[in-house]
Amino acid sequence: MFPSSSATQIPSVKTLISAAASAAATIVLFRSLVKEYLPYEFQNYIFYKLKTLINSFSSEFTLVIEEYDNLNQNNLFKAAELYLEPIIPPDAKKIKISLTKKESKLSFSLDRNQEIVDTFNGVTLKWKFISKQVPTKYMSRSPFNYNSIPESADKFFELSFHKKHKDMVIDVYLKHVIEKSKEKKEEKKSVKLFSLRRGGGGVWQSVNLHHPATFDTLAMDMERKRLIMEDLERFVKRREFYRRVGKAWKRGYLLFGPPGTGKSSLIAAIANYLKFNIYDLELTDLRTNSDLRSLLISTENKSVLVVEDIDCSFELQDRLAQARAKMPSRHYIAYDQVNQYQVTLSGLLNFVDGLWSSCGDERIIIFTTNHKERLDPALLRPGRMDVHIHMSYCTPCGFKLLASNYLGFTEHPLFPCVEALIEKARVTPAEVGEQLLRYEEPESAITGLIEFLEDKSERLKREDGNKDSNGESGPSEGKLAQEVDGNNGEVVKKELDESNGEVVKKEESAQEPDGENGEIAKEEGRNRGAMVKIQ
């Protein structure tokens, strides 16, 4: 009834090998025919359908994160690179390592076709990096870099997980990846100094900022440094506050005072403290207000925009305008094509506080000047220059900090003599630092500084004596000036410092309320004008 065991014959090994070889040959022949006679697009369609059919029987779901979205960089791809770097397993057999020109730390990443397994909230997720060679195409690194870069490979990550966790991964896990990548980016960040690029290739060019200035090394009174640092910390923590009150998330600073008082060092200290990049904006290099707007929208968030010697920038434009007006008509067109600087005050105000100022978040705008009284009152009001910092001559407190930096100690028998002379001689921190640099021996440096201070004090006495003999009032008397308050149009009395022409004090014992939070900012020092005024 049933066939005997001898009737059921098992295929021999030779038969199996022969059948497998025939099947393989058939597949190879079919593949070669497909490649030769079917269009490339049709081949992709067939393979896509086959892959879809196979995946329909699988519980695994895969997200593809490509390096580029059309012609623009995919920020999620870069975030994935940064997120995966610290979780590369120690037993990985192959990883990529790099050190770019403008970075100071090594970077690690997955090599092609390598995988990493991550666990999040009890869910296992598998990352795989894939790179495929493709015909060369040109991509832009940023919307404002007009020099495209050739790319000959398609790079992307595949993130695979059980399909029942799809919503959790998209709504929670990817946000976690982005947040962790931001933290990693901050750890690796090198502060950069950007300047305008001449010619093609984008708007800005950058170098690493290696300026060593910090708030610990600034020759500034401790109380003033504390006020500035507290204002900076309060600013970076108030994103939701600025959004709630309907203001652009930015802060304006005005640094004013004589040359050599540390304005550039304070800018570097602020950038190092916040780890913000610096954009050095030279207004005299711009020809139109449109150029200014283009530069503004091409800067990154978390940055410091610097406009140095703003009074000189507009003075130069005034002189050029006067020269064009005096130029004979036959030369006017050629001259105007070369020297037509048309960044106007209204354009600058719109840049600082107009609609274009909201194109970006967490920005600090710093203006510097040696002559605050030359600035238009419209620039000085709150919302444009919120914090006014007078960079004064060197003080005894500043000298002790310089002595600690240059000589390595803060106490010496000759220090009282130096401090007494510093009170009389109007010397900048740069001048004091230069004197301390001239000698190897600390004793010689202090003695040389005393001689320098005595000599300068004598010169100041002679200059003051000459002023008295000519009927001019000395600096101790002060001059009263009338100035229109930019906030309410009222005329207020201020007192001028004869040493540098700065307005240093309102009426006796005046105090000013902080326009934003009601705090009182005191104006100190009749002759020195040491002041941090938060409007």
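In the predicted model, a salt bridge (a side-chain nitrogen of Lys or Arg within 4 Å of a carboxyl oxygen of Asp or Glu) joins D455 and R459, at 2.6 Å from N to O. Both residues lie in helix 16 (residues 442-469), 4 residues apart, about one turn of the helix. D455 is partly exposed at 41% relative accessibility, and R459 is partly exposed at 32%. Here buried means under 20% relative accessible area, exposed over 50%, and partly exposed in between (1.4 Å probe, protein chains only). Helices (H or I, at least four residues) and strands (E, at least two) are DSSP runs numbered from the N terminus. Residues are numbered from 1 along each chain as its sequence is written. Local features need pLDDT of at least 70, side-chain atom pairs count only at pLDDT 80 or more, totals for chains, interfaces and linings use all residues, and side-chain values use heavy atoms, with hydrogens and water left out.

The structure holds 13 salt bridges. Among them, D231 pairs with R251 at 2.8 Å, N to O. This pair links distant parts of the chain, 20 residues apart, with D231 in helix 5 (residues 222-236) and R251 in strand 11 (residues 250-256). D231 is buried at 2% relative accessibility, and R251 is buried at 5%. In helix 3 (residues 75-84), E81 and K78 are 3 residues apart, about one helical turn. The closest N and O atoms of their salt bridge are 3.7 Å apart. E81 is partly exposed at 26% relative accessible area, as is K78 at 48%. E223, R226 and E230 are linked in a network of salt bridges.
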